[in-house]
Amino acid sequence: MPNAPVMAPESKWAGRFVAAAIIQGAIAFVIMSILVGISVLGALGVGGLGPSPGKIVAGGDSCTVRTTLTNNTTGAVLSGTGSCSNASTWFIVGMIGYALVGVLGIAVSALFYQYLESTLGAPYSGWRNITAWVHLAVGGGGSSAAALLAAYGGYLGGAALLPVSSGGLGQNAGYVHANILNPLSLPITILMALGLLGFFLGGTGYVTAWWSLRKRNRRPEGDKSAEP
């Protein structure tokens, strides 16, 4: 009868990812508490704290395009305007992205490591420990930083577009894109690239470990050949 796999008492990498998810969740809680505090104090008439997130989302990034057409038959002049929004989208996507990747994604990753190291009894060793560190630090850290930076830029951009009477700067879309959003585009792109690289290398280490374990378990009982 084949021997049952040795059950590891705990998964060291699952524990590290759970700890990281707890830290990320605490950061998210602090950020949300600050945003809620700004909203509540603003509603109570306390000034100097900046516009509330609700105003940022509702205000958006308004840009006006005026079109003028002349009817060749009647000579009538037809005109129209259009509007678009952008800055508040950065804020919304950044906050949602941080919750999904920085908190939930890291927590779910812990389940994968728990399954491999504890349930299947194959603790990480050698070069795969490096891939797990890259997954945790570069993947989780890079993607979380990118999301938070996007949310920060969206908040500043949305605040700049609000009228002064609402606590904003009364600026236009061109100013916001040139002075707030555009300078953040390159750092966000770099951080996103690092995050993707971290998740890719972490996934590579995990898949190769899982596949090696499957191949080892498929060998005949008497096969003592070394693991590839």
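Hi everyone, a helix here is a DSSP run of H or I with at least four residues, and helices are numbered from the N terminus. This is a predicted model, where local features need pLDDT of at least 70, side-chain atom pairs count only at pLDDT 80 or more, and totals for chains, interfaces and linings use all residues. Residues are numbered from 1 along each chain as its sequence is written, and side-chain values use heavy atoms, with hydrogens and water left out.

Let's begin with Thr131, which is found in helix α4. Is Thr131 buried or exposed? Its relative accessibility is 11%, so Thr131 counts as buried (under 20% relative accessible area, with a 1.4 Å probe and protein chains only). Leaving aside neighbours within four places in sequence, Thr131 is in contact (heavy atoms within 4.5 Å) with Tyr124, Leu201, Gly202 and Gly205.

Now for the partner of α4. Helix α1 covers residues 12-43 and α4 covers residues 127-161; their axes come within 11 Å and cross at roughly 10°. Those axes are lines fitted to C-alpha atoms over the stretch in contact, with angles from 0 to 180 degrees between N-to-C directions. The two helices are therefore roughly parallel to each other, a label for angles under 35 degrees. Among the residues making the contact are Trp13 and Phe17 of α1 and Trp133 and Tyr155 of α4.

Finally, the rings. There are nine aromatic pairs in the structure, meaning Phe, Tyr or Trp rings (six-membered ring for Trp) with centres within 6.5 Å. Phe91 lies in helix α3 and Tyr155 in α4, so their pair ties together parts 64 residues apart in sequence. Both Phe91 and Tyr155 are buried.

Technical notes
Parallel < 35°, antiparallel > 145°, perpendicular 65-115°, else oblique. Buried < 20%, exposed > 50% of the residue type's maximum accessible area, 1.4 Å probe, protein only. Phe/Tyr/Trp six-rings, centres within 6.5 Å; stacked < 30°, edge-to-face > 60°.
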